[in-house]
Amino acid sequence: MRRAAVHSTVGALALTISVAGTAATAGPAATAATAGPAATPGTGGAEPAVPGVPAISAGLPDGPVEAMGVRSAARAAAATGIGWKKCPEAEEMPRTVECGTVSVPVDYAEPGGKQIALTVSRSRATGPKAERLGPLVYNPGGPGGNGMNFALHGKLAGVWKHLNARYDFVGYAPRGVGRSGPLSCQDPKRFLQGPNTSPLRPTNAYKRKMNARAAAYAEGCAKAQPDRLPHYTTVNNARDLDVLRAALGRRKLNFFGVSYGTYIGSVYATLFPGHVRRLVLDSVVDPSQDSIWYRSNLGQNHAFETRWSDWKKWTAKHHATYGLGRTPRQVQAAFDRVRAAADREPVGRKVGSKELVAAFLDTGYSDSSWPKHAHALSRYRKGDPKPLLKEATPDLASAKKEENSNAVYNAVECNDAPWPRDWATWDRDNTASAAVAPFNTWDNAWMNLPCAYWKTVPTRPLEVGTGPGRLPPVLLLAATRDAATPYHGALETRRRLSGSSLVTEKGAGTHGVTGGNKCADAHLERYLLEGKTPGDHAECAARPEPEPGTKKSAQTKAADLAEPAR
């Protein structure tokens, strides 16, 4: 799931929602021109699964026409292959990495129509040719994550280096991402413009402002790509993956998905079970139809609150180093004072409470970030704002990439499933969430709120699942305290993908298990190199907590290389 970007505006006019001036009710016959928040929930048709979500008649996200389109596109890709050559300067890759493109249809119902050129990267296997196992395709998450840098993972010590000896590492940018027919919904400079506020208890006036920004952002996306916008979906991402498989000249796919990439993998396994050779899903999204995506995001709020508590406990344990308090409550009080101070006078005129909270959200993704965040907060309270500015100031040089990632995130999630179209539902559910999980609830709501105003009619999520014998063994990896993809998602996926095996990192919460736990890495290597799983379930002890300090761990470096799972 995607990390919240730091920004103030997410549309041509600003960022996210308005009760006044809403569009017409979106019922079963809603069109792209009329879809928008309704004044009252539930307008005719079947009873919506989520209060305030309009009933729709879009049908299932896959059908025989699209299936034929995938076969046609795959045949064309197999015949064309990938013209591997030196990577363009824009990819900033070393000469050891090769790049190419694969054409996929915008609309699989019209495979001969408009195309998107997906960018692809490859780092060839380093071991003896007789021992090589073909390409391993990687998706880092998102939606909106760019996997082109996966080709650099083989430079890392440990499991990645071992795997690159046997596998070609193949990364790609999904449709709309990077140079793969990029989607942009607003001026990137405005996207990261700050400083901004993030009130714990937003007023009605603030909520109206955020509603207006959400509506403007959705309008900006619709104006940017009116014809392509409905086709940014997880099902299409899975179809694209099968076309990529064919372009690589393979009958079966080796795929490694992290975070949202696991949902692509689960959908792929459902649609193309006979095309799976090895499938690794690390930090697993709950693929249940009623979870994608509104309920999933509400569930994240509670999981991030748990992880925020983990960081506060760790920081309190190291009070002698950081001086932020001997109890989690005292650490919270120290953070709240800095948050309030940032709103009274933004740090360096760049960091307000919104930027501060966005930066500290990383504590929920990786234990390795805990020391640097505690250090930054500690130094600020002692009169030195530089470390905090370093951690929390938006990187304007990455504005284009961040805005693109956010645009694709919204496009996929808003298209994948129905969302409530009335603000009353959002307000009720997020107010209840904020009462017990205040740290991230409202910022998460503002990030997703464009879906209340989206200009396309969403599909219904695919019913993920395969029967016994349909798939080869599948390996799942998950941490019990993962915030971005709570652990129950791995349990649900194991239930749905018959014969899958789950490796659990107990008592841990780092998002992305691979590359930091030797026990889990050993299971991963055995599976990818030998095809063997540990059976239904295996457990690994949590990796040690970080020691006080600011040095990056190997896992943090890996995340830096391959667009972090979000």
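In which sense do strands E1 and E2 pair, and over how many bridges? This is a predicted model, in which local features need pLDDT of at least 70 and side-chain atom pairs count only at pLDDT 80 or more, while totals for chains, interfaces and linings use all residues. Residues are numbered from 1 along each chain as its sequence is written, and side-chain values use heavy atoms, with hydrogens and water left out.

**View 1. Strand E2 and its partners.** E1 (residues 85-86) and E2 pair in the antiparallel sense over two bridges, where pairing requires that DSSP finds at least two bridges between the strands and strands are DSSP runs (E) of at least two residues, numbered from the N terminus. Lys-86 stands opposite Glu-98 in E2. E2 also pairs with E3 (residues 115-123), in the antiparallel sense and over eight bridges, with Thr-119 of E3 as the bridge partner of Thr-101. Six of the eight residues of E2 (residues 98-105) are buried, so the strand is largely enclosed by the rest of the structure; buried means under 20% relative accessible area (1.4 Å probe, protein chains only).

**View 2. The face of helix H17.** Helices are DSSP runs (H or I) of at least four residues, and H17 (residues 518-530) has 13 residues. In H17, Ala-520, Asp-521, Leu-524, Tyr-527 and Leu-528 are buried. Seen down the axis of H17, its buried residues fall within an arc of 130 degrees, so they line one face of the helix; the arc is that of the directions from the helix axis to the C-beta atoms. H17 is followed by Gly-531, whose phi is positive, near 80 degrees.

Methods
Buried < 20%, exposed > 50% of the residue type's maximum accessible area, 1.4 Å probe, protein only. Expected span 1.5 Å × (residues − 1).
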